[in-house]
Amino acid sequence: MDEILQEIYNCVLEGSNKTIAAKVQQALDQGMDPGDVLDEGMVKPMAEVGRLFEEGEYFVPEMLISARAMKTGMEVLKPYLVKADIRSAGKVVAGTVQGDLHDIGKNLVCMMLEGAAFEIVDLGVDVSPEKFVQGVKDSGAQFIAMSALLTTTMPNMQRTIEALKAAGIRDKVKVLVGGAPLTQQYAHDIGADGYAPDASRAVSLAKTLTESAPAAG
Ligand code: B1M
């Protein structure tokens, strides 16, 4: 791996929040592709953090400081990943489902969708089915993007879909889901309209579904 990418990787792995911003900027100044900086320098070490946590070498505080370093790095990357377009491709209500506080993946999905000219209403983390429903009603969004990182919180996606049905607005939005423990099959089983394994495929999915998305309003 390129030296600067290795340094960024180490910043995330070790949670070096003070140095990561300068390293990411240095990599970009060297002309490195922002997507490579993200994938190789930040997403890969987070997977390693998860492995170390599973093996009992890392604990929650280590996961937290790695997450903080990744967020700092993402702030530097954001303007390079998000090229604002004037025409809106559609409105998306996004959030991490109830009971779940993981927001790095969700933020990345929001960032990439924004870069593809979608308007984002980010409801944050621990979003209840009722809040998603209210978010759609308030914004008139054509899409919901739900994220879940815990097997215990995945069922809250289905609860949200049920809440949309109960509110009579299920046919007004396309429901997109994603997050590390999810699968295409799971998305199908809970009645979602689409599943994306990563942020860039979330964008292609939203674009594809735009063709059949309900009109704004
Ligand atoms: Co947590 N955690 N965590 N954690 N954490 C995992 C998820 C875990 C797999 C670690 C492990 O054991 N290996 C495990 C879950 C096990 C399970 O459910 N089977 C776990 C656990 C157990 C926990 C706690 C329960 C720990 C505890 O307290 N004992 C606790 C739960 C808290 C809660 O949510 N209620 C907890 C807490 C935390 C921190 C707060 C410390 C921190 C999160 C900080 C934050 O997000 N602000 C944290 C972290 C950092 C992780 C790991 C290490 C990294 C997650 C991450 O950010 N990945 C994670 C291990 C892992 O994933 N390998 C782990 C990078 C990110 C870019 O990837 O989020 O997968 P990801 O997003 C991807 C795709 O999934 C997809 O696109 C993204 C970009 O390509 N995607 C979507 C995501 N959302 C999408 C939505 C879409 C489409 C695509 O919509 C259309």
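Predicted model: local features only at pLDDT ≥ 70, side-chain atom pairs only at ≥ 80, totals over all residues.
Strands of a sheet pair through backbone hydrogen bonds, either parallel or antiparallel. In this model, 5 strands form an open sheet with parallel pairing, and their order is β2-β1-β3-β4-β5. The edge positions belong to β2 (118–122) and β5 (194–195), each of which has a single partner strand, so one side of each is left without a neighbour in the sheet.

Individual pairs can now be examined. Strands β1 and β2 are joined in the parallel sense over 5 bridges, and within this part of the sheet Val93 stands opposite Val121 in β2. Strand β1 is mostly covered, with 6 of its 7 residues buried. Strand β3 (residues 143–147) pairs with strand β4 (residues 174–178), again in the parallel sense and over 5 bridges. Here Phe143 has Lys174 in β4 as its bridge partner.

How many residues of β4 are buried? The count is 5 of 5, so this strand is largely enclosed by the rest of the structure. Its side chains are divided between two directions: Lys174, Leu176 and Gly178 point one way, Val175 and Val177 point the other way, and all are buried.

Strand β3 also contains Ser147. Its relative accessible area is 9%; because buried means under 20%, Ser147 counts as buried. Beyond its neighbours within four places in sequence, Ser147 is in contact with Gly95, Thr96, Val97, Lys106, Met157 and Gly178.

Helix α5 (residues 104–115) lies across β1 (90–96), β2 and β3, and runs at about 150 degrees to β2. Helix α9 (residues 199–210) also packs on the sheet, where it touches β2, β3, β4 and β5; its direction makes about 165 degrees with that of β4.

Ala206 is found in helix α9 and is buried, with a relative accessible area of 1%. Leaving aside neighbours within four places in sequence, Ala206 is in contact with Leu113, Phe118, Phe143 and Leu176. Ala206 and Leu176 are 30 residues apart along the chain, yet their C-alpha atoms are separated by 7.9 Å.

Helix α6 shows how the residues of a helix can be sorted by face. An α-helix has 3.6 residues a turn, so residues three or four places apart point the same way. Which residues of α6 (residues 129–139) are buried? They are Pro129, Phe132, Val133, Gly135, Val136 and Ser139. Seen down the axis of α6, these buried residues fall within an arc of 160 degrees, so they line one face of the helix. They pack against β1, β2, β3 and α7 (155–166). The face turned away from the buried side carries the exposed residues Glu130 and Asp138.

Just after α6, Gly140 takes a positive phi of about 70 degrees. Two further residues have a positive phi although neither is a glycine: Ala117, at about 75 degrees, and Asp126, at about 55 degrees. Ala117 is found in the loop between α5 and β2, where it is buried, with a relative accessible area of 9%. Asp126 lies in the loop between β2 and α6 and, at 37% relative accessibility, counts as partly exposed.

Notes
Residues numbered from 1 in each chain as written. Heavy atoms only, no water. Pairing = 2+ DSSP bridges. Helix = DSSP H or I, 4+ residues; strand = E, 2+ residues; numbered from the N terminus. Contact = heavy atoms within 4.5 Å. Axes fitted to C-alpha atoms, helices over the stretch in contact; angles between N-to-C directions. Buried < 20%, exposed > 50% of the residue type's maximum accessible area, 1.4 Å probe, protein only. Arc of directions from axis to C-beta.
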